[in-house]
Every structure is written in C-alpha cells, then in structure tokens.
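Please examine the model shown below. The explanation that follows begins with the contact between the chains and then turns to individual residues and pairs.

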Amino acid sequence: MNFDLPDDHELIRRTVRDFAEQEVAPVAEELDRTKAFPYAIVKQLGELGLMGIPFPEEYGGAGADSLAYAIAVEELTRVDSSVAITLCAHTSLGTQPIYLFGSEEQKAEWLPKLTSGEVLGAFGLTEPEAGSDAGNVRTRASLNEDGWTINGAKQFITNAGTDISGVVCITARTGEDEISNLIVPNGTPGYFQGEPYRKMGWNASDTRPLTFEDCVVPEENLLGPRGAGFKQFLHVLDIGRIGVAAMGVGLAQGALDQALAYAKERRAFGKPISKFQAIQAKLADMATEIEAARLLVYKAARLKDQGRNFTLTAAQAKLKTGRLAVRCAEEAVQIHGGYGYIEEYPVCRMYRDAKILTIGEGTDEVQQMVIARALGA
Amino acid sequence: MKICVLVKSVPEAGVTKRINPSTGRLERGGETRDNPFDTHAIEAAMQLKEGGELQVDEIVAVTMGPEAAAKALRKAVSLGADRSIHLSDEALAGSDVNGTGYALARVLATESPDLVLLGQQSDDGECYTIGAVVADHLQMPSLTQVIKIDVEGGALRCERQAEYGYDTVSIPLPAVISVGDAINEPRYPSLKAIMGAKKKPLETKSAADAGIEADRVGYDHARAHCAEFAEPPAKAAGQIIEDEDTSETVEKIVAWLDERKLLA
C-alpha cells in the first residue's frame, strides 16, 4: 500500500495550485463582491484542459482519472469556491451524463465543445418539490411527431444561464411511472433561464431557475433508453459527490492555510497568537481532520477509477467533508477575530461559501440515508 | 541547435525549512516543487524555439538529485522539453556547488549543447553560482541574471540585471545563461501535456555513466562544508518616535539616519 500520489497527479496538483494562487486568488474577492461570472478564468481553465479532466482524449478530454479530477477541484476550492463549482458542475453534472449515456452522435456533437470549455454544461434535476426525491419530478415531456414537448420548471441549476452556457440535461416524466433524461440546447424556443438567485455564497457562480414552456426538442435528444432517467441520475449524483467532497477538503484546507498564516502574523500579549495553546489546538484539529477527510475523498475516487462500487464511500466522503468545511471555515474566522468578519479577508467569503457543501448534491441527511442503506440498516 | 535546461526540485516554499543538525544539510523529505526560477529558463528556451529566429531542434532538461528529483524533469517536459536526463547517484549526495557544477557539466558535455539555460538561483540553496561553475567546466562564456534574450545573427544579445540598471551584452554560442524571473511569464502546462509527459524519453545516469570522477563529488570531497548553523539574530527593539510636532519628528528621524551615516 502506497500513500504517495503518482507523479502525474502531483504535477496536476502543482499546476492547479499555481494557477489558483496566481490567476484566481487576486480576483476572487472582486468576483465575489460583484457577483461576476469568471469568464476569463473559465477560458484559461479550458485552454489548460481542466474543463474536461476525466474524459478520454478522443472526445477532447484530458484523459485523466477521477483522482486527478478530485485533486484539481480541491486545489481550486482551496482558493475560490465559485470558480471550483463552475468547473465541478460542468464536469460531473453537465458533461458526465452525455459521456456516460449519450449515443455516439450525441457525444460527437457535444463532448468536444464541453471538454474544451467552449460551452458550459448544466444538469437539471432539482424542482420546487423534487430533488433527491426525484421520483416526484413534475416536469413532463411528451413525444409526438415534432419530438419531445417539455413543460415544467427546474431550480437551483448551475451554469445554465451564462453567455457560454450550451446545454442542459434535464430529468422529465415521460410516462406515468417513467423518468427519462433529455438534452436541451440553450437557445431552444420555450427554454427560459430565470434571474440568478441571491445566494449566501458561491456568488460568482451562475445559479438560476429554469422554465420549459412547450419547449420542443427532437426525439433523438433522449439520453440513453427511455425510462432510464432515474438510474442514470443516481449514478451521476454518485460521481458528483466525489467532486463536491473534493470541494469540502479544498475549502477546509484553504481555511486552515489562511488561519495558520494569520495566527503566525497576529500578535497578542507580546507573542504571535499561534503560540497560544487554544489556537494551536484549533489548528492541530483542523489539520488532522482534513488529512483524514482527504484520504476518504481519494479513496472514493480510486474506487471509481478501479471500476469498483464507490456509492458508499462517495457518500461518506461528501458527508464528512461538507461538515468539515463548515467547521474549519468557522474556526478560521474565529482565529481571525474581528478581521474574520470583514470581507477583505478570504475566510469571510469561505464561511459563506462553506454552508452549501452540507446541502448541495444531496443534503447530509440524504447522505446518511445512502450510507445507512449500504449498511443494510 | 540544442538547448539544455538545468532544473532542480526544491522544498515547497510554504514549508518551514529545517537543517538536519547531524548532516548539516537541508531536510528534503517534505513536499517539494520545481524551482520556480527554472520554469523561467524553460520558458525562455520555448520562446527561442517558437520565435523561429534560431533553428532549435531539441530542448533537453537535466537535473541532478535523488529519485524524487525526477519530478522537476516531468514538469520540464510537460512545459515543452523534448526529453530529459536524470543524474542520480548516492555518491553525489552532499556535493557542494563546485562538485555539483562539475557533475552537471560532465552530463552536459555528453550532449554538446549550443546553449545551456538555468534559473539564476534555487529556492533552497540560493547560491546563484551553478551557472558560472558549469560554464567554467564547459569552457563556455557565461552570463548570469539575464532578463532579456534577443537573437542577433548567430549570437545572443542579452540584458543582464546589474546593481544600477541593466548591462546589455552580446554573447556568442555556445554559452551558459542563467535567467531571472523578470525575463518572461512562464506558461502553465496543459493537462494533456502533463498526461503526455511520461511518454517522452527520460534517461537516468549514474556518476560512472557520465564519466564523473568519484573523488571530485559527494560530501567527503566537498571543498566547502558548513561547520555551524545558527538562528538569525533577533532584531534589536526599534525606537518609536511619537508624532506630536511633525517638523520636530522629521528632524529626529533625519538626525537618527545621519548618526548612522545612512544619508548620502
């Protein structure tokens, strides 16, 4: 057993870390404050091959594995969550379903554009009354001679409403007890992206409600077999959890980085506060929990890369890291004292960005359901 | 023509550096990265190749160090070097600047490069001198701290950072040039290039393979040994002048500086 990362993965970590520190960190505060979508950074991510990390080269991807993807997401989140979730939702949720379930024609049409970052992909599952309880999906698609006519609404959808958004895969009821996934390109008449939400965090990422009003797409926009939608999105969510769990580790690590640097600088009672036992205990606990959580995330990614079942581990990783991110962000703010409550310090943004990690991609309570089910409870 | 670029794996900048008191050497067990200055040297090589004024046929990355040091080579080839050479031998451990420069020069001699590029300093040793030592062994002209390279016929016209302003120097090839970080903005390696890097040839050489004489390298043959290490002395407490009357404050500061002959 070997805990060293392969050289490729180390170099990917180094490259994304350098990129995050040099290109993202200087603009992260401004992007968050102005709620501006990071177009320039997404363009650079595309040029570096980071918008299609785990997809084969024949589809324009980088041909790397899930572990490489998790490491890249972790390093981006260490610096900024908005940029990270943009890449994460695009990869795990937007591109993944087309790669996994698409026909050769669908893959040829969409994957090169998606993996290069030329267009962004989105995934439309959540509805006002259906999220993890996706059996309750109300959006309907009926097939007639024109194709699929879609009516319904989706909410909390990432990446669907930017200038470069290209496509959304949505779940829709295609029969009484039948859910299917459909590909809906941006620009299709009847497909509307609502105003962006006013969120607690992830301010520079694009999140909107979507509506479909007699929106017609060709019959061949069905993704995979009719009625397979339920199984498909469960699988997509499993994979997505690895990405969101990597965000949790990254955010927690970023909070620790900031807290440690601040504690070594800030002096009180004649010495740096990092020399006080109360602060040391916080830093030590954070570092220990982060290391444990990171191993769990990497294990989930490795299981997936080895073609083994990773549902349980991915849910455990997601549960562990979401909570950890919230806790580390809070401790980091605490260590900063009053300055931690001021937006000029990154920990303030991290505190707001962390909370969604116990909610998005399945709440903690849903992860517990998944985990308990795997235990046979 | 062929360009060789010297690269080095160094401890991650954020990691607290420690000297092992029993060996007197820097502990290198922690997280490492490629020396940032060397990345500028690779970028300079790539820009000469892409500029097209010189016909650059091959860029070869070279490093010396233990097994883990090969990571710096992986980065170099992902940035565009065509192949790499790793000089690795237990006998080389603990070499001083003189021994390291000699050993690297032996490897470079087998390549007959038209130009050797390297970062002006390493993030760990910060000695700034390897380029000059290598050049001396190769009997090539050498420039250090170069921040601009232009092709001028078969020679290079370089700007070299000097104490006041810049020296502009023409240097014939072959030559050894160490570069500063102001020379360029290094590119990031793309993920595809990183994934493709392991397909590029990596040659590992022992000291004997490179024709290195054993009695000129390693800790025992180093001419310089560090006898002792000490923490930097603590700064003396400063003097705080309260600004009650500004013209009086200025006088006090000027007097303080004048007393220490710090005013020209």
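**The interface and the chains**

Between them, chain A and chain B bury about 1800 Å², with 55% of this area on carbon and sulfur atoms; buried area is the accessible area (1.4 Å probe) that two parts lose on being put together, summed over both. Three residues, A:Asp8, A:Leu11 and A:Arg14, supply 31% of the area that chain A buries against chain B, more than any other three residues. The contact draws 23 residues from chain A and 18 residues from chain B, where contact means heavy atoms within 4.5 Å. The model is predicted: local features need pLDDT of at least 70 and side-chain atom pairs count only at pLDDT 80 or more, whereas totals for chains, interfaces and linings use all residues. Residues are numbered from 1 along each chain as its sequence is written, chains are lettered from A and ligands numbered from 1 in the order in which they are written, and side-chain values use heavy atoms, with hydrogens and water left out.

Seven salt bridges are found across the interface of chain A and chain B, a salt bridge being a side-chain nitrogen of Lys or Arg within 4 Å of a carboxyl oxygen of Asp or Glu. A salt bridge joins the side chains of B:Lys71 and A:Glu10 at 3.3 Å, N to O. Over all chains, the count by this rule comes to 42 salt bridges.

Chain B contains six helices and 13 strands; helices (H or I, at least four residues) and strands (E, at least two) are DSSP runs, numbered from the N terminus. Its C-alpha atoms fill a box of roughly 70 × 50 × 40 Å along the principal axes. Of the 264 residues in chain B, 44% are buried, that is, under 20% relative accessible area, with exposed meaning over 50% and partly exposed in between (1.4 Å probe, protein chains only). Among contacts in chain B between residues at least 6 apart in sequence, 71% join residues at least 24 apart.

In chain A, A:His9 belongs to helix 1 (residues 7-34). Why does A:His9 count as buried? It does so because its relative accessible area is 8%. Apart from neighbours within four places in sequence, A:His9 is in contact with A:Asp65, A:Leu67, A:Ala68 and A:Ile71.

The side chains of A:Glu75 and A:Arg13 form one at 2.6 Å, N to O. This pair links distant parts of the chain, with A:Glu75 in helix 3 (residues 66-79) and A:Arg13 in helix 1, 62 residues apart. Both A:Glu75 and A:Arg13 are buried. Another salt bridge, between A:Glu29 and A:Arg33, has an N to O distance of 3.0 Å; these residues both lie in helix 1 of chain A, four residues apart, about one turn of the helix. A:Glu29 counts as partly exposed because its relative accessibility is 29%, whereas A:Arg33, at 52%, is exposed.

Further along chain A, A:Ala252 is placed in helix 6 (residues 229-265). A:Ala252 counts as buried because its relative accessibility is 0%. Leaving aside neighbours within four places in sequence, A:Ala252 is in contact with A:Ile290, A:Leu324, A:Ala325 and A:Cys328.
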